[in-house]
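Subject: Handing over a structure

Hi there,

Here is the structure I promised to pass on to you. Have a look at it first, and then read on for what turned up in it.

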Amino acid sequence: MNKYVAYVSEYTQGNKYGITIYDVDVKKGRFEEKDHVVISNSSYITISHNGNFLYSITDLGVDSFKVLEDGRLEKINSQSINGMRGCYLSTSYDDMFLFVAGYHDGKITVLRVLEDGSVGEITDEIFLKGMGSVAERNFHPHVNCVKMTRDDKYLLAADLGMDHVNVYSLDKTNGKLRLVDIIRSEQESAPRHIKFSKDGKILYIVHEMKCQIDVYTYENVADGNPSFEKIQSISTTNDYHTTDCAASALNLSLDYKYITSSTAGDNCVSIFKIEKDGTLEKILNLPISGSYPKDATLFPDNKHLVSLNHESNTMTFFNVDMEKKTLIMNGPEMRIEKPNCIIFHKLVER
């Protein structure tokens, strides 16, 4: 049976750690604490596509780690992003570049990644400009997610403040970005996170304020420009949801058959089945027994689910039955301070 570890990032107010590593019991749908990493306010983490390195947001920029054979992490280096603390990061599919989203300063930072996994120099910095429609919050750009298309040609940057996703071409020689398109969301929808289907032909964007997922087709057309066409919008909540809800996470199952999305306010998680054409069918929307599920994702077997409940400082675990459309709590909650995001990582014998 395949072995997995789970990495959970945390804010560090009152907590000396920033990343907790767990051994994953896939059969039981539970975690066992394995190790900790001391790091300041790890608001988001990502693993390189080759699986060898992990990168984390910190107060001072980004940290890089080598993923060891047993899943533990070994620090490689730290690098400044020359701005305020980021909220999201990801790598290009060839693992040559690292992208950081700046919520607070509305900035996209591109950094070169070296062969040993260390983070090198900044190759580009873009400050987004404009005035949003909701003065109380969205009065300036908030870059909340940066993600490459799977063909590694374009970087998508979700601007929660301006209600659109900027699309940039990436010059792999100098690491510079060039704006080539804008995907415009509904007004006051707040695009938050981006995912692509396994074949890269379908784009999913979850919107924080509208609590909905928009589904687009994507292709790189003959003239070398990207083309996106919306084919579906689907709510992350039920018809009877409470007011002041906010969609947060968007995660694909490891086999790319399902998408999960959690929603604060309702404090629920939704699971969607991905149809052959890429559209979504909602399977369930049920409570997670915690407050502010900042991230929620299926276990590798799609039979269990874990929710990271940021405000109640817990992780809650559930048995999932896709046929019966049920979510049943699986054992007691686990205490964890201010969890932000989770990544499952398959261990490989070397």
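Let me start with the overall dimensions. The C-alpha trace spans about 50 × 45 × 40 Å along the principal axes.

A word on how to read the numbers: this is a predicted model, in which local features need pLDDT of at least 70 and side-chain atom pairs count only at pLDDT 80 or more, while totals for chains, interfaces and linings use all residues. Residues are numbered from 1 along each chain as its sequence is written, and side-chain values use heavy atoms, with hydrogens and water left out.

**The whole protein**

The secondary structure consists of 29 strands and zero helices. Both are DSSP runs numbered from the N terminus, with at least four residues of H or I for a helix and at least two of E for a strand. Of the 350 residues, 60% count as buried; here buried means under 20% relative accessible area, exposed means over 50%, and partly exposed lies in between, using a 1.4 Å probe and protein chains only.

The protein exposes about 14,700 Å², and carbon and sulfur atoms supply 47% of that area (Shrake-Rupley method with a 1.4 Å probe; for residues, only the protein chains shown count as cover). Contacts, meaning heavy atoms within 4.5 Å, can also be sorted by sequence distance. Among those between residues at least 6 apart in sequence, 48% join residues at least 24 apart.

As for charge, there are 39 positive and 49 negative charges, and their mean positions are 3 Å apart. Lys and Arg count as positive and Asp and Glu as negative, leaving out His and the chain ends; each charge is placed at NZ of Lys, CZ of Arg, CG of Asp or CD of Glu.

**The aromatic rings**

A pair of aromatic rings is described by the distance of the centres and the angle of the planes. Rings of Phe, Tyr and Trp (its six-membered ring) pair if their centres lie within 6.5 Å; planes under 30 degrees apart are stacked, over 60 edge-to-face, and the rest tilted. By this rule there are nine aromatic pairs. One of them joins Phe-31 and Phe-317 edge-to-face, with 5.1 Å from centre to centre and 90° between the planes. This pair links distant parts of the chain, since Phe-31 sits in strand β3 (residues 30–37) and Phe-317 in strand β26 (residues 314–321), 286 residues apart.

Phe-31 also pairs edge-to-face with Phe-344, at 5.9 Å centre to centre and 65° between the planes. Here too the link is between distant parts of the chain: Phe-344 is in strand β29 (residues 339–346), 313 residues from Phe-31. Phe-31 counts as buried because its relative accessibility is 8%, and Phe-344 counts as buried at 12%. Ring pairs join Tyr-22, Phe-31, Phe-299, Phe-317 and Phe-344 into a cluster.

**Around the cluster**

Arg-30 is in strand β3 and, at 17% relative accessibility, is buried. Beyond its neighbours within four places in sequence, its contacts include Asp-23, Phe-299, Phe-317 and Gly-331. The C-alpha atoms of Arg-30 and Gly-331 are 8.4 Å apart, although 301 residues separate them along the chain.

Asp-23 belongs to strand β2 (residues 19–25) and is partly exposed, with a relative accessible area of 28%.

Pro-300 lies in the loop between β24 (293–298) and β25 (304–309) and is buried at 18% relative accessibility. Leaving aside neighbours within four places, Pro-300 touches Tyr-4, Val-26, Leu-254 and Phe-344.

Which residues other than glycine have a positive phi? Asp-152 has a phi of about 65°, and Asn-267 has one near 55°. Asp-152 is in the loop between β12 (143–148) and β13 (154–159) and is buried, with a relative accessible area of 12%. Asn-267 is in the loop between β21 (258–264) and β22 (268–274), and also counts as buried at 19%.

Happy exploring!
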